[in-house]
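Subject: Structure handover

Hello,

Please find the structure below, with the sequence alongside. My notes on it follow.

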Amino acid sequence: MTMNPEDFIAKWRGNTANEKKFYQSHFNDLCRMLEVPDPNSADKTGEEYCFEKNVLKLGGASGYADVWKRNHFVWEYKGSKKNLTAAHAQVKQYADALGNPPLLIVSDSQEIRIHTNFTNEVAVTHTIRLGDLMSVEARRMLRACWTDPEYLRPKETRATVTAQAAATVGTIAAELRHRLGDEQSRRIAHFLNRIVFCLFAQNIGLLPDLIFSDLLEDSVQDQAGFAPRLKNLFRAMKDPQGYFGNRPIPWFNGGLFDDDDVIDLGGLQIRALLDAAKLDWGSIEPSIFGTLFERGLDPEKRKAMAGLFDVAPDAASPAKAAKAAKAKGLSKADKGVGIHYTDPEKIMKIVEPVVLRPLRAEWEQVKEKVAGLRAKRDAAKDDASRTRHENAARDTYLKFRHRLGKYRVLDPACGSGNFLYMALMHLKDLDRAIEQEARTLGLPADDERITPQCVLGIEINPYAAELARTTVWIGELQWQMKNAGAVKRTPILGSLKGIENRDALLNEDGTEAQWPKADAIVGNPPFLGSKKMRSNLGEVYVDSLRAIYKNRVSGQADLVSWWFVKALYCIKIYQGRFGFVATNTINHGDSLETISRNLDSCIIFDAWESLDWVLDGAAVDVAICCIKYPDGLSEDVFLNGNKVSIILPGLKRVLPIENHTYFISKLRQNINICLEGYSYGGPFVIKGDLARRLLNEPLNPNGKLNSDVISRMIGGAELIQSSSDYFVIDFGTQLSETEAAYYEAPFTYLRNLIFSYPQKEVALKRDIYWRFRRSGAALRHALAGKQRFIAVPKTSKYRLFRFVDGRISIAGTLNAIARDDYTSFGILHSSFHAFWALYMGSKLEDRPRYTPTTCFETFPFPEGLTPDLPASAYADDPRAQAIAAAAKELDEKREAWLNPPDLVKIVPEVVPGYPDRILPKNDKAAAELKKRTLTNLYNQRPAWLDMLHKRLDEAVAAAYGWPANISEEEALAKLFALNQERAAKQEPKPKGRKHKEADE
């Protein structure tokens, strides 16, 4: 007895039973629905096909495969909400013992995953969810597991076909741009987008009888006829009753065929298109085609494609391109393709929580309301009441369907449309699943509600904006072909005026740009640090931007912050949600302050603190932040994929304390004490041998020595390693060009280099090229008169603090802390400050970053031991003395390990006034000293080091009044509470921001 898909879905929807209680029944029902034999009917002996096949796993342990069919599949079931990835790992253990079947299948009652396992083939995973079984294609694929496993053998992947297609068209695009010039880029883009669409339309049968290939074939023989033929085709595609020759052409319409403009192509280019027409354009992946095609237009981006587009003009055909690629060592599938675009799984980390999750939640609410109304219907005592309640149930459903059709998703920096494409496809899947489920509930049939008009975009690049429209339409038509078997739209293409070609932040007249109304905002806004905004965007643009948004965006915030501010404004008005990709600078500094300032009542409900992303073909480290206006929907909050209670603006988990407030405050006691090292911005750093020659020069014309303007220098690596022999030429903040020139030798050396320096324009335009890029006035003031200070690397595996001689200049890879006492050193080197710095700091790739504003200025020192007090103020405090004693021993023992007296010698510098040099005694000593770095020491963490840190932690815990064995979580909670307590007692912050030196 067979079972239809509707009955199967209705029976198994929402099943939560243990796998052992349902899996055989579920499998037998599948067999009935697919009209294939079940194990008990087909094989009484179980030799070829059976439930619970006994098998030896890898390693020799015995187990049972839930279902096995020889030379077809092994199938493992899991209960509801169990890990199917783990199930796949389990079933792979059975594979060899069961003859290595071509398909490894895992499932619960709601989802089936088919993993191909063909020998020497790339593995592909096909996922079929319960609702997908309404699709003919899904059932055909599933039936093939029993009848024809070869049907699932991977052929060319969509990525491979897409790469080949994009390579061909991208090469032609680059050639046309070279021939016609950049001013014709928009025309080229419009023309080639139409070519791409024709290739696609022919492949899926919208252009009949291989009409486009015939046109190309004729034009190879008659090149002069190419343009007239194509003009006629474009006109026919535009008209409601168009003909090409005597063949009727479907009505395409839309902005894509708004005119019949054609660019003449050469014979090789026409031949390349004819070869490309043989590709499976129906299976191209729009989410990567746009990115690859777009890079094909840009010579610089083409270089980043690892040879994908790097084909000579006379090798434009795919065959010749493949030959050229082979010469470069590229495979046919181009192994680099996967790193040149953002894969759908990454995009879905935003689309899923921002776009789909609230709609699913709304649908669940609608179903509950419908069920409630129908319960009243069933309890009613008269027909009129029953009819009224049933009508109300249907109205509830239809109102939701109407809302679904009005739902809009905006990407305000849409590029070639990847986010819009992914959002549209999943919205359409959701629309279809809801409509199908509604039928099983006896609700009225309804047409599809999600169309390409549901996605909106803003893109400043005219080519990318048009490409986004093409991407969306190709995705729409692919979906129609897959799910309906035909395209039923008339006209086939509508207008996508909702994807606009303009700036998302400023209008042409310099006023603030507005975004269209949207329920959800998604995307990947441009990555540009504050230091590069003027050089990349122009002085006038940046000044206008900062003037208009001055009360909403902090001065040195990255460009992406402006998108966050705009999105926050929009979701407050329209009560929606948004999710953006951002550089991980968004979670500290002025970018963090900007979000905190504008967040108000909105909630960060899903975030990833650090994630690999792809930008212009290169992997970068990003954050993902999803924010919503409180919408009343009950949903969990996730940080880095883990459920948490609240996410703070710095993309941190909330600490487990009572009366929690949302923000961690800067403490006045800590301001202007931890400061970034110098940003030199030119060839100021010199090696020791040159420095010593300059130091030995005679007196200058001003009667002064060069030692006035030459300092020892260290950076982050030198602080960790101790083996440094660098100096820096430093003319300070006050010397004029003439005064600096009196220091003849160092000035001449520096000036000659700067005037040949690759970035000389940046230095020269400031008219102070002899000074550091940032003068470091605040740092100089904080360190003035100190014989030593504490330094910490900005990024390192561990939080490592070390004393530095006050005569040494520190590079921008270090932060200086203007304290010289062991008590401060000990508090900073305690585990409690390390916990806080890791919690509050960001990351650079996989290395934690120590930032003054978030790690130091927010950290509550023990009462009475705060950094605004001179060390003399707590010299007699037993708490301070205990910390200082433990810190001093840690410092001395660690320094002795780094530079053992038997391996080093102390040598005075060539002139007085400089720290002594620490040099290895011989080559053997030098080799040993290279291994002695702080990182290596803390990697090894010998017992003596561990005991010294334990003693220090006990002293610092006692200073706070905490038990010595306090946990990290409890310590963080207490520090947070102390931060809030101190912040509440601070005087109101004065208006205006503290001065920051201008960026360049």
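The 23 residues of H16 should span 33 Å at 1.5 Å a residue, and the end C-alpha atoms of H16 are 34 Å apart, which agrees. The expected span of a helix is 1.5 Å times one less than its number of residues. Helices (H or I, at least four residues) and strands (E, at least two) are DSSP runs, numbered from the N terminus.

This is a predicted model: local features need pLDDT of at least 70, side-chain atom pairs count only at pLDDT 80 or more, and totals for chains, interfaces and linings use all residues. Residues are numbered from 1 along each chain as its sequence is written, and side-chain values use heavy atoms, with hydrogens and water left out.

H16 is mostly covered, with 18 of its 23 residues buried. Buried means under 20% relative accessible area, exposed over 50%, and partly exposed in between (1.4 Å probe, protein chains only).

The axes of helix H15 (residues 383-406) and helix H16 (residues 418-440) come within 12 Å and cross at roughly 170 degrees. H15 is therefore roughly antiparallel to H16. Axes are lines fitted to C-alpha atoms, for helices over the stretch in contact, and angles run from 0 to 180 degrees between N-to-C directions. Angles under 35 degrees count as roughly parallel, over 145 as roughly antiparallel, 65 to 115 as roughly perpendicular and the rest as oblique.

On the H15 side, the contact (heavy atoms within 4.5 Å) is made by Tyr397, Phe400, Arg401 and Leu404. Asp431, Ile434, Glu435 and Ala438 make it on the H16 side.

Just after H16, glycine 442 takes a positive phi of about 75 degrees.

**Two asparagines**

Most residues other than glycine have a negative phi. Asparagine 100, in the loop between helix H4 (84-95) and strand S4 (103-107), has a positive phi near 50 degrees. Its relative accessible area is 30%, so asparagine 100 is partly exposed. Asparagine 672 has a positive phi of about 60 degrees and is found in the loop between strand S17 (642-644) and strand S18 (674-676). Asparagine 672 counts as partly exposed because its relative accessibility is 43%.

**Cysteines and H10**

A search of the whole structure finds 0 disulfides (pairs of cysteine sulfur atoms within 2.5 Å). Cysteine 50 counts as buried at 10% relative accessibility, and cysteine 602 is buried at 3%.

Helix H10 (residues 267-276) is mostly covered, with 7 of its 10 residues buried. Among them are Gln269, Ile270 and Asp275.

Regards
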